[in-house]
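Please look at the sequence and the structure shown here. The report below should be read alongside them.

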Amino acid sequence: HYEAAWSSYYDYENVLINLKLEERRLLNENIDFPKEHLSSFILHETANLRSEAYRFATSAHLFVCMAIEGFLNYYGTVRLGEVVYKRILERVGITEKLSLIYLLCFEDVIGTDDGLYKDIRRIFDQRNTLVHPKTKEVTSSKPEQFNYIHPEDLPLAEAFEVLEKFIGDICARDTDIHRGFHFKKPNKALHPTKNRDAVFVG
């Protein structure tokens, strides 16, 4: 899941480059377009690229959470044994699982005020929002209900910061965890952009 998370992130970055290039091109080529309609026109013309960016971003965020929980499941089973792990930890929430593993394996209390606890809780709450989306009715009287977020502004980088923070912390606590083996990044060069020779103008 760790490798899949980074692969999706690299794909997201590459689509984002192409999206920004296309937005810049449309802006430069349509300077006479009515200003009140220009942003809507660009949104329409870049819909496919934005959808692709959202798809990769969503995949990356889900894989980040899967990498964290998957490793906690693996580590807890190895350290405590499958029988004990299933009895005590298998069905608890992610932050409770983190706290219990740190307590049982490292004799360290991780509370709700701990930075790592709060960070992991936040990105898993974001994951839950992605997995269980809520619908809001948008009307002319409540246009603020439409909250468009450009793919560039998605909090994806923060999720990866939490992932790497978690990995660094647990590897520091157990030197038998081989980071290069359990957490191997894919080759970024295998995720080239379609317009990798293009440059920004402006």
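The model is a predicted one.

Helix α3 runs over residues 47-80 and holds 34 residues. Just after α3 comes G81, whose phi is positive, at about 95°.

With 18 residues, α7 reaches 26 Å from its first C-alpha to its last, close to the expected 26 Å. Which residues of α7 are buried? They are L156, A159, F160, V162, L163, E164, F166, I167, I170 and C171. These buried residues pack against α1 (2-29), α3, α5, α6 and α8.

**A buried arginine**

R50 belongs to helix α3. Although R50 is buried, it has no salt bridge. The nearest side chain of opposite charge is that of E23, 5.6 Å away, whereas a salt bridge requires the nitrogen and the oxygen to be within 4 Å. Leaving aside residues up to four places away in sequence, R50 touches L19, L43, H44, Y148 and P151.

**Salt bridges**

How many salt bridges does the model contain? The count comes to 12.

| Pair | Distance (N to O) |
|---|---|
| D108 and R173 | 2.8 Å |
| R122 and D119 | 3.1 Å |
| E164 and R179 | 2.5 Å |

The side chains of D108 and R173 meet in a salt bridge. This pair links distant parts of the chain, since D108 is in the loop between α5 and α6 (115-131) while R173 is in helix α7 (residues 156-173), 65 residues apart. D108 is partly exposed, with a relative accessible area of 24%. R173 is likewise partly exposed, with a value of 32%.

In the pair R122 and D119, both residues are in helix α6. Why are R122 and D119 separated by about one helical turn? The reason is that they are three residues apart in that helix. R122 is partly exposed, at 32% relative accessible area, but D119 is buried, at 16%. The value for D119 places it among buried residues because the limit for that class is under 20%.

The side chains of E164 and R179 also meet in a salt bridge. Here too the pair links distant parts of the chain: E164 is in helix α7 and R179 is in helix α8 (residues 179-182), 15 residues apart. E164 is one of the buried residues of α7, while R179 counts as partly exposed at 34% relative accessibility.

Salt bridges may also join into a network. One such network links E22, R25 and E29.

**A nonpolar patch on the surface**

Attention now turns to the surface. V84, I88, L103, L104 and V109 form a nonpolar patch there, and together they have about 420 Å² of accessible area. Which helices each supply at least two residues of the patch? They are α4 (82-88) and α5 (94-106). L104 is partly exposed, because its relative accessible area of 42% falls between the limits of 20% and 50%.

Definitions and conventions:
Residues numbered from 1 in each chain as written. Predicted model: local features only at pLDDT ≥ 70, side-chain atom pairs only at ≥ 80, totals over all residues. Heavy atoms only, no water. Helix = DSSP H or I, 4+ residues; strand = E, 2+ residues; numbered from the N terminus. Expected span 1.5 Å × (residues − 1). Patch = residues over 30% accessible without salt bridge, like charges linked within 9 Å, V, L, I, M, F, W, Y side chains within 5 Å. Areas by Shrake-Rupley, 256 points an atom, 1.4 Å probe, with all protein chains shown as cover. Buried < 20%, exposed > 50% of the residue type's maximum accessible area, 1.4 Å probe, protein only. Lys, Arg positive; Asp, Glu negative; His and termini not counted. Contact = heavy atoms within 4.5 Å.
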